Amino acid sequence: MSPKAPPVPYFSHRLRLAYSGLHPERIHSLVKASDPAGAVRRIEAGRVRVSPAAREAVGIPAERRMEELASSGLSVALLGTDSYPPWLAAIPDPPDLLFVRGVLPTSPGVAVVGSRRATRYGVNLAKAAGAAVARRGAVVVSGLARGIDGAAHQGVVEAGGRGVAVLGCGLDRWYPVSHRRLGEALLENGGGVVTEYPPGTVPEPWRFPVRNRIITGLSRVVLVVEAAAGGGALISARLGLEQGREVLAVPGDVNRATSRGCNELIRDGAMPVLGTADLLDLLEQEGIVSPIGAGHQGSAPDDAEGGLVEAIGEAGATLEVLAERMGWPLTRLLVSIGELESEGRISRESGVIRLRKEHGRDG
């Protein structure tokens, strides 16, 4: 049964509260004490101690906010409605609102998290993990941060798969700025960028640990690739365990500081991952990706492979166009594209798959 949508006034007042800039936990406590309308009235009347800027922001009508969001190409998913991911709604403290650019996933994904100060070892592993998961049709969720997060999503983009980035700021800015193109590439590939913070919210340090519960909440499995002891990735691992997610970790050199967190997770019971094949086997066991032999062959038969090459054509094609032309399940299409790419027969650029000139249609 679909959840009953909250009444429009509830949404309107809750949207106004989102623009207050208050910590999500404080907003939750204000709403719990009465309801969104009551919380708004108390703030406007000065019965709740907030900054003048917060009081002014809450006073702006929701209709005006919705017009601003629509003009920016953003949407809002409200907890308790069909647009809100049910597996995120099931965590202990889901955000009441999600601001969305692009598309929310239709099934739980795989979170790939780790240190911002990653080593080459960690970056390469994260990129390979992101690409491997994406080629098997699952959504990769991360925070678009430097280091492991960005590497995982770079792998997703290069594999032509789908990823969701969860920001610790408003969707009117990219953080870090250097990852703007990466975020835009995720959107071009049919993914999404989401946050519980409205446009105008700056990336203050305290907002990032809070957003980690959304990264794990949108996922069924949490993979920690490289993490120092006490780092933000371990917060995600703890949140994942609290949410009932399967936590995996990549072991590393016991003398390397950025491997200590992962090694401690494994010591305390996390499942070790020894490479992309190991990861995919575990994801098959969790039902996140289908076995290669289930419903399609790992290697497309010659006639099917030729049909895919024909579908790509001289002009190239996006993943969505190829799916329509071939009529294949996304998982099979991604596997076949991955094989052509590993053979050096195709390339990808800005979401477009093209035949390499030296191969052509008869390659």
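Reply: Start with one term: pLDDT is the predictor's confidence in each residue, from 0 to 100. The term applies here because this is a predicted model.

Me: Which helix has the lowest confidence, and which element has the highest?
Reply: Across the protein, the mean pLDDT is 87. Residues at 70 or more make up 90% of the protein. At the top is β5, at 98. Lowest, at a mean of 71, is helix α16 (residues 330-342).

Me: Where is pLDDT under 50, and how many contacts does the model have there?
Reply: Where pLDDT is low, the predicted coordinates should not be read in detail. Over residues 1-7 the pLDDT is below 50, and this stretch has 11 contacts beyond near neighbours in sequence. pLDDT also stays under 50 over residues 293-302. For residues 293-302, the contacts beyond four places in sequence number 14.

Me: What is the volume of the largest pocket?
Reply: Rolling a probe the size of a water molecule over the atoms shows where empty space is left. For the largest pocket, the volume comes to about 460 Å³.

Me: Which residues lie nearest the centre of the largest pocket?
Reply: The lining has 27 residues. Helices α1 (8-18), α2 (24-33), α10 (207-217) and α11 (232-242) each give two or more residues to it. By class, the lining has 14 nonpolar, 5 polar and 8 charged residues. Nearest the centre are Pro24, Glu25, Glu196, Val210 and Arg213.

Me: How many salt bridges does the structure hold?
Reply: Side chains of opposite charge can pair when their charged atoms come close. The cut-off is 4 Å, from a side-chain nitrogen of Lys or Arg to a carboxyl oxygen of Asp or Glu. The structure holds 17.

Me: How many residues apart are arginine 16 and glutamate 44?
Reply: Their side chains meet in a salt bridge at 2.7 Å, N to O. Arginine 16 sits in helix α1, and glutamate 44 sits in helix α3 (residues 36-44). The pair links distant parts of the chain, 28 residues apart.

Me: Is arginine 16 buried or exposed?
Reply: Buried means under 20% relative accessible area. Arginine 16 has 14%.

Me: Which helix holds both arginine 65 and glutamate 68?
Reply: These side chains form a salt bridge at 3.5 Å, N to O. Arginine 65 is buried at 9% relative accessibility, while glutamate 68 is partly exposed at 30%. The two are 3 residues apart, about one turn of the helix. That helix is α5 (residues 62-71).

Me: Which residues are linked with Arg181 in a network of salt bridges?
Reply: Arginine 181 and glutamate 188 meet in a salt bridge of 3.4 Å, N to O. Arginine 181 is partly exposed at 40%, and glutamate 188 is partly exposed at 41%. The network links Arg181 with Arg180, Glu184 and Glu188.

Me: Which two residues does a cis peptide bond join?
Reply: Most peptide bonds are trans. Here omega is about -5° at a cis bond. Proline 176 lies in the loop between β5 (163-166) and α9 (180-188). The cis bond joins tyrosine 175 and proline 176.

Me: What is the phi of leucine 144?
Reply: Most residues other than glycine have a negative phi. Leucine 144 lies in the loop between β4 (140-142) and α8 (148-158). Leucine 144 is buried, at 0% relative accessible area. Although it is not a glycine, its phi is positive, about 65°.

Methods
Residues are numbered from 1 along each chain as its sequence is written. This is a predicted model: local features need pLDDT of at least 70, side-chain atom pairs count only at pLDDT 80 or more; totals for chains, interfaces and linings use all residues. Side-chain values use heavy atoms; hydrogens and water are left out. On a 1 Å grid over the protein atoms alone, a cavity is a set of points where a 1.4 Å probe fits but cannot get out, and a pocket is an open set with protein on both sides within 12 Å along at least five of seven lines; lining residues have an atom within 4 Å of a point. Grid points are joined across faces, edges and corners, and a volume is the space filled by probe spheres set on the points. Helices (H or I, at least four residues) and strands (E, at least two) are DSSP runs, numbered from the N terminus. Ala, Val, Leu, Ile, Met, Phe, Trp, Tyr, Cys and Pro count as nonpolar, Asp, Glu, Lys and Arg as charged, and the others, Gly among them, as polar. Buried means under 20% relative accessible area, exposed over 50%, partly exposed in between (1.4 Å probe, protein chains only). Contact means heavy atoms within 4.5 Å.
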